[in-house]
Amino acid sequence: MIGQTDSLYSEILEETRNIWVHVPDQAPGAIYGETTYPVLYLLDGPGHFHAVTGLLHNLGQNAIVPKMVVVGIPNTDRTRDLTPTHVDVMFGDSSFVRTSGGGDKFLEFMEKELIPYVEEKYPVTGYRTFVGHSFGGLAAVHALFSSPELFNNYVAIDPSLWWDDWILVKKADADLEGNELEGKALYIGVANTMEEGMEIDRVKEDTARSSDHIRSILAFIEKLEDRQDSSLEFGWEYYEDDDHGSVPLITEYDALRFLFPWYRLKGLNDFFAEDAADDPEKLLMVLEEHYKQVSEKFGYEVPPSEPDVNSLGYNFMTVNKPAMAKAMFELNIKNYPESANVYDSMGDFYLDQE
């Protein structure tokens, strides 16, 4: 099952808001177990929900990034919710921006209503990632500087930083100075929105309205890179072969890899080498150190994953390393004594040794 729909009434926005929710490894109608997950809040939910849940399924199954609950947020009034300031006219049209400037109220809805609702009803932790594209990317940058405590990670996909005469770009220095951003991360994906014949090394000097979008993003990136004293963990990429519409998928993939480089457990292949000596104590130490680091990053204790450790045990059985396999099954019994599966696996191990 990819996900389920849900809704809540917002007193702040004075309307019912729908959400799409994906819970990893969740069978239809199943009751949530004790496992909890980090959570990713995704703007323009219907447009990006399937891509992000698919990426997380693939990367999560391979333990490259953590499995996450995804909360997709469909729009009601996109311009209202995702713009930080009100403008009267945009491109000669007042109807397009009539309701603009509700970004702070939308973030208040997320902080006081949506996030508490999700944390009460779904198996999530307090570790949160916020992802937005275009106006959604603008909202993500605005959230980073106006409400940095709400999320741990921010992903701005080709953000509309041209909004209101580059207001967030112009405020960037003061926002970087005035906010405590230790432990926060921002990733920006930049699409190729330049006119034919223009190059990225020349576009910064361009003055045409057609390049306003990419120039505003590049100017913002330059400000972030110039601030060596900022504690913000920052990364970005220019995608020459992608336009504004195609850039979200590749950015989402790269952003997840950028945000969680510390999650993947490395160095296990050495233990499976044919000439490698069995050393269960060393393997247990590697696992302990890795999950200690993961726990420090998340801000709460994360034990070694039951299915991952179980898989290691069976893999060691396959290559005839019984001492290593037994150590893995014993570790799972220690960490998950209420799980029937860990005892079943240990039973398989003893049967294999007969």
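A polar contact is a pair of N or O atoms within 3.5 Å; within protein, one must be able to donate a hydrogen and the other to accept it, and residues adjacent in sequence count only if both atoms are side-chain atoms. The model is predicted: local features need pLDDT of at least 70, side-chain atom pairs count only at pLDDT 80 or more, and totals for chains, interfaces and linings use all residues. Residues are numbered from 1 along each chain as its sequence is written, and side-chain values use heavy atoms, with hydrogens and water left out.

**Figure 1. The whole chain.** The chain has 14 helices and eight strands; helices (H or I, at least four residues) and strands (E, at least two) are DSSP runs, numbered from the N terminus. Along the principal axes, the C-alpha atoms fill a box of roughly 80 × 45 × 35 Å. Of the 354 residues, 50% count as buried. Buried means under 20% relative accessible area, exposed over 50%, and partly exposed in between (1.4 Å probe, protein chains only).

**Figure 2. Thr53 in helix α1.** Helix α1 spans residues 45-61 and contains Thr53. A polar atom of the Thr53 side chain lies 2.9 Å from the backbone oxygen of Phe49. For the backbone oxygen of His50, the distance to a polar atom of this side chain is 3.2 Å. Thr53 counts as buried because its relative accessible area is 6%.

**Figure 3. Ser295 and Val302.** Ser295 belongs to helix α11 (residues 280-298). Its side chain reaches the backbone nitrogen of Val302 at 2.8 Å. The relative accessibility of Ser295 is 14%, so Ser295 counts as buried.

**Figure 4. Two residues with positive phi.** Most residues other than glycine have a negative phi. Glu14, which is not a glycine, has a positive phi of about 55°. Glu14 sits in the loop between β1 (4-10) and β2 (15-22), and it counts as exposed because its relative accessibility is 65%. Asp164, also not a glycine, has a positive phi of about 50°. This residue is part of helix α5 (residues 163-170). With a relative accessible area of 24%, Asp164 is partly exposed.

**Figure 5. A negative surface patch.** Glu199, Asp201, Glu240 and Asp241 form this patch. Patches are made of residues with over 30% relative accessible area and no salt bridge, with like charges joined within 9 Å; a salt bridge is a side-chain nitrogen of Lys or Arg within 4 Å of a carboxyl oxygen of Asp or Glu. Asp201 is in helix α7 (residues 200-203). Asp201 counts as exposed because its relative accessibility is 58%.

How values were computed
Patches are made of residues with over 30% relative accessible area and no salt bridge: like charges are joined within 9 Å, nonpolar side chains (Val, Leu, Ile, Met, Phe, Trp, Tyr) within 5 Å. Accessible areas come from the Shrake-Rupley method with a 1.4 Å probe; for residues, only the protein chains shown count as cover. Lys and Arg count as positive and Asp and Glu as negative; His and the chain ends are not counted. The place of a charge is taken as NZ of Lys, CZ of Arg, CG of Asp or CD of Glu.
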